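The sequence and the structure are shown first.

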Amino acid sequence: MSLNLYNTLTRRKEAFAPIDPANVRMYVCGPTVYDYAHIGNARPVIVFDVLYRLLRHVYGAERVTYVRNITDVDDKINDRAARDYPDLPLNEAIRKVTESTAAQFHADIAALGVLPPTHEPRATEHIEGMKAIIERLVAGGFAYVAEGHVLFSPAAMDAADGVLPRYGALANRTLDEMIAGARVDVAPYKRDATDFVLWKPSKPGEPGWPSPCGIAGLGRPGWHIECSAMSRAFLGETFDIHGGGIDLVFPHHENEIAQSTCAFGHSVMANVWMHNGFLQVEGEKMSKSLGNFVTIHELLATEKFGGRTWPGEVLRLAMLKTHYRQPIDWTVKALEEAERTLSRFSAWFYREPHTDAVHLPFLEALLDDLNTPKAFAELHLLANEANAELMVNPVHAFEKFDLLHNSLDLLGVRWNRADKISGEFRAEIDALIAARLEARRQKNWAESDRIRDELAAMGIQLKDGKDPATGEAVTTWEVKR
């Protein structure tokens, strides 16, 4: 079985072939830490966490490097810092904002079952790397200095000879189409409308660093150059997978490709580009003006959505029931359905599984471009089969429940409710214990041992003793931990 992924760059599904199978490398654009992350921000975090888990399953946990950055240089951060800490110097206020909001983000996504990435660089830690790339671009004729700014020229990129890609290839647009459709900053120092900022002067009171290219005074990087520098620092000049939301295709990812390929002379920055679809709330675009803007924290800790709080596992499962490339409608009804599904699955999470294996039809669905809807359908079929076998062949049934458990664990969806054992299952345990006691009374030790082993395979540990009042043999049981 091979992993197949849809590549936004080629607009087709392709067999995934890592540059180095001993070090599979993935970069995903992370949050700008100025406030609580909204539920739309959670979608790429969850989607690429599933891909990270799948890559670890296929290639080995120690052979996958996952980088998800934090953007801590941004006008929204500056505005929040000035608003919340007006009596502090701006740099100190910015640090307070970014530290607290990054901690909020980490707490929220941990509740969603998200694994920490291998590296989580902050933009402010990689200013020198950004400046080095900017200077290479200017030296190569792909960027120019104008009035304290450094700007990248897509026209210069398209005019260059060699292996460089065409600007606009990721978004599948021509330069003229992008000029017509883009919202561009109008500035007299720009040579062309599509030229974008790599570096700009810092305004009084804003954070700043010594500028590159001999520019006097302090400045700050543009958004796009940040990811080019951070991905290069941890993954190299080219790597395997770059991910993010569909809204980042243009201009952010398009500009990342332009900067990195022109700076280092490669035809690609990443071999595979993956993007998750948009998220709506109850059929409408999420916005504060419509009153349907909802954060991860509000879903977890307040009663804003549906009049109640929601477990992180439910939010995660609801997110994954829609294929990652499709738009998703975030509704109370969908969360309620996800909770029912999870409750049904989790009724059997009362013990640790006896195998590491996952359900093969489920795995085949995941390997097919993260087809989570089909993967869940396969798990429903598996659960039905296991339930049907429970009274007939409990050992086989519990082997299937182990596959169900491990498969959900691979998705990061696990609601461990060790105290939740169904009445039907309790009755089955009691019946087996009664049969074993009868076998012991008849000195049928082979049958007694067989039943004991069957219960052990089901995750049940027995303790034999005597009733202190009658002296009769009794057996108690507990779930093996």
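The text below treats helices, a helix pair and some individual residues in turn.

The model is predicted, so that local features need pLDDT of at least 70 and side-chain atom pairs count only at pLDDT 80 or more, while totals for chains, interfaces and linings use all residues. Residues are numbered from 1 along each chain as its sequence is written, and side-chain values use heavy atoms, with hydrogens and water left out.

Helices (H or I, at least four residues) and strands (E, at least two) are DSSP runs, numbered from the N terminus. Helix H3 spans residues 90-111 and has 22 residues. From its first C-alpha to its last, H3 reaches 32 Å, close to the 32 Å expected at 1.5 Å a residue; the expected span is 1.5 Å times one less than the number of residues.

Buried residues (under 20% relative accessible area with a 1.4 Å probe, protein chains only; exposed is over 50%, partly exposed in between) of H3 are Ala93, Ile94, Val97, Thr98, Thr101, Ala102, Phe105, Asp108 and Ile109. They cover an arc of only 155° around the axis, which puts them on the same side of H3; the arc is that of the directions from the helix axis to the C-beta atoms. Their cover includes helix H1 (39-59), strand E4 (64-68), helix H2 (75-84) and helix H9 (296-301), where contact means heavy atoms within 4.5 Å. Glycine 113, which follows H3, has a positive phi, near 80°.

In H2, Ile77, Asn78, Arg80 and Ala81 are buried. Seen down the axis of H2, these residues fall within an arc of 165°, so they line one face of the helix. Asp79 and Arg83 are exposed on the other side of H2. The cover of the buried residues of H2 includes H3 and strand E9 (218-221).

**The pair H1 and H12**

Two packed helices are described by the angle between their axes and the distance between the axes. H1 and helix H12 (residues 360-367) pack at an angle of about 115°, with their axes 11 Å apart. Axes are lines fitted to C-alpha atoms, for helices over the stretch in contact, and angles run from 0 to 180 degrees between N-to-C directions. Leu54, His57 and Val58 of H1 and Leu363, Leu366 and Leu367 of H12 make the contact. By class, it has five nonpolar, one polar and no charged residues; Ala, Val, Leu, Ile, Met, Phe, Trp, Tyr, Cys and Pro count as nonpolar, Asp, Glu, Lys and Arg as charged, and the others, Gly among them, as polar.

**Individual residues**

Two residues have a positive phi although neither is a glycine.

Threonine 372 is found in helix H13 (residues 372-389). Threonine 372 is buried, with a relative accessible area of 3%. Leaving aside neighbours within four places in sequence, threonine 372 is in contact with Leu320, Thr322, His323, Leu366 and Leu411. Leu366 is also one of the H12 residues that make the contact with H1.

Phenylalanine 250 and proline 251 are joined by a cis peptide bond, with omega about 10°. Proline 251 lies in helix H8 (residues 249-264).
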